Amino acid sequence: MARTEATTHPVRRSSRRLQGLPPSSHTAAPIEQPNHDSSTLTFASSMFAAIRPQPQQNKKRTVLRNNSYSTTTTSLGSSSASDPPDTEKQKAPNKRARTKNAAVSLPRTQETCIREKLGPSITVIGIDEAGRGPLAGPVVAAAAYVPTTVSGICDSKKITKEEDRQELFDQLVASPDILWAAAIMDASYIDEVNILQATLHGMALSAQAVIHMHKYKCNNNDPSFRLLPLPHIKTKVSYCEKACVSFQGCYIVTNQHLSSESGLRNGSEIDISSSENIPTTDKAIDKQDENAYYALIDGNRMPAHMPCPAETMIKGDGREYSIAAASIVAKVIRDNLMRGYHELYPSYDFQQHKGYPTAAHVAIIKQIGGVSPIHRRSFQPLKSMQFDDDGKLATSE
């Protein structure tokens with residue numbers, strides 16, 4: 001191939017250092033082109049071709065379209081009009097969204113290990129809470145003994161539809177073999193002892209109630225044993241058959257029938273800090289009975305004075321079946337309570353935000369100029385505000 005001589009053009013220098021110099025010095029000397037013969041050019045061309053990156057081969061990828069998988073072949077860096085957006089390509093399919101009827105439950109991994117270690121007859125109880133972060137409403141700690149399998153039990157936070165959580169809750173409540181209890185710790189108690197201690201107290205109370213009901217049921221409704229006292233809880237606790245906004249203070253809800261024969265009756269208020277205040281007969285739960293139960297608690301904090309041996313599991317509501325069942329019980333009971341509080345205090349829109357500190361919730365408080373009786377005044381930003389005894393914002397004069 002004939003080479004084309006390169007034409008040289010004068011290069012105009014632009015530098016402040018040339019100011020004041022004659023115009024002849026403003027033009028740089030032309031750059032001389034090196035003289036390469038044809039053999040040198042041929043060798044250089046072959047070397048360049050050897051190191052030139054080769055175009056990448058077409059790659060196969062699997063994408064999700066219309067809830068079904070299809071394999072397409074595309075070139076790297078190219079896109080097709082029929083391809084879904086990148087977010088859809090990388091997003092993992094939702095198992096519950098694929099087939100609602102084919103719900104997948106969490107395993108009983110730790111429960112199985114406990115039974116292999118301590119014996120097959122041990123009763124394993126899952127414990128979780130709902131409502132630690134809100135500005136208003138109670139924190140609900142629930143305990144659940146679930147010997148039968150209900151399909152679809154998983155972390156309640158991952159069940160986005162309220163009707164799905166309610167459906168699973170109804171199945172748990174309807175089963176005669178499943179025992180559960182929920183401790184409702186109100187806002188005033190939270191402000192008194194702080195949210196962490198109120199949550200831990202509720203966990204111990206709910207576990208105690210499940211153990212009490214299980215012993216009562218297994219002994220053919222024989223009430224000849226006493227509740228274990230919880231001396232660190234310095235408040236009276238009511239036992240109720242249903243969570244209701246009309247109840248004030250701390251109380252426990254259970255799915256078992258409450259009667260005077262079981263040592264507990266509906267609406268009864270008990271000071272459980274001392275065994276002398278617990279209405280039972282002569283026989284107490286001995287050490288052997290206590291070790292017949294084991295609790296799995298979501299989180300990393302162990303409640304003091306648990307009525308049975310226990311261990312904590314970080315993110316246990318997404319790992320263990322019994323803890324996930326307890327999380328559904330706690331979440332549904334609290335959400336239903338907040339809908340009831342919405343009827344009492346409609347101005348705060350509790351039905352929408354469930355008491356959580358959303359921007360809309362805080363704006364409503366400032367607009368109304370006060371808080372309701374179920375608001376937690378020890379939480380920010382309420383802690384930084386001044387309220388009178390009626391909950392009205394104090395105006396600075």
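Of the contacts (heavy atoms within 4.5 Å) in the protein chain between residues at least 6 apart in sequence, 64% join residues at least 24 apart. This is a predicted model, so local features need pLDDT of at least 70 and side-chain atom pairs count only at pLDDT 80 or more, while totals for chains, interfaces and linings use all residues. Residues are numbered from 1 along each chain as its sequence is written, and side-chain values use heavy atoms, with hydrogens and water left out.

The protein chain has 397 residues, and 41% of them count as buried, meaning under 20% relative accessible area, against over 50% for exposed and partly exposed in between (1.4 Å probe, protein chains only).

Now for the cores. A nonpolar core is a set of buried Ala, Val, Leu, Ile, Met, Phe, Trp, Tyr and Cys residues joined through side-chain atoms within 4.5 Å. The largest one takes in 77 residues, with I127, I153, L172 and I333 making the most contacts inside it. Helix α9 (residues 321-344) gives the most to this core, 12 residues. Another core, of seven residues, lies apart from it and includes I114, V124, L296 and M313.

Helices (H or I, at least four residues) and strands (E, at least two) are DSSP runs, numbered from the N terminus; the protein chain has 11 of the former and 12 of the latter. In helix α11 (residues 359-368), the buried residues are H361, V362, I364 and I365. They sit on the same side of α11 because they cover an arc of only 155 degrees around the axis, taken from the directions from the helix axis to the C-beta atoms. What covers them includes α10 (350-353), whereas the face turned away carries the exposed A359, K366 and Q367.
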